[in-house]
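Here are a few notes to read alongside the structure. Have the picture open while you go through them.

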Amino acid sequence: MRTLRALAAGAVFGVSLLAIGFVCVDRLAHQPAAPVPVMARTNQLAPSTTGSIAGTPLPTALPKLAALPKATDGFDTERLNALLRGDPISGPARR
């Protein structure tokens, strides 16, 4: 009985492997022809047509870190733990 079970399992495995092999060979034999790659071309458009503004200076003064709100100071682990517990989402604490 043990030998018959091993032969049956081997036969099922072999038939499955054979079916997968036939499907792979069939897919590889019937692949469509690859399209010829075409290089993308761009038109050099004026900034007014693209919506950008040419010649605008970049802002030079960056905000100081102390002036940023408390929410960007670090990761809020208390709020994450509350969300994982299933507590309702509330906004940041008011000062």
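1. A quick definition to start: the expected span of a helix is 1.5 Å times one less than its number of residues. Now try it on helix H1, residues 2-29, which has 28 residues. From its first C-alpha to its last, H1 reaches 41 Å, close to the 40 Å expected.

2. Keep in mind that this is a predicted model. The protein averages a pLDDT of 75, and 57% of the residues score at least 70. Among the elements, H1 has the highest mean pLDDT, at 95, while helix H2 (residues 47-50) has the lowest, at 56. Where pLDDT is low, the predicted coordinates should not be read in detail.

3. What about the overall layout? The protein has three helices and zero strands, so to speak α-α-α from the N terminus on.

4. How many of H1's 28 residues are buried? The count is zero, and H1 is hardly covered. Of the 95 residues of the protein, 1% count as buried.

Key:
Residues numbered from 1 in each chain as written. Predicted model: local features only at pLDDT ≥ 70, side-chain atom pairs only at ≥ 80, totals over all residues. Heavy atoms only, no water. Helix = DSSP H or I, 4+ residues; strand = E, 2+ residues; numbered from the N terminus. Buried < 20%, exposed > 50% of the residue type's maximum accessible area, 1.4 Å probe, protein only. pLDDT = per-residue confidence, 0-100.
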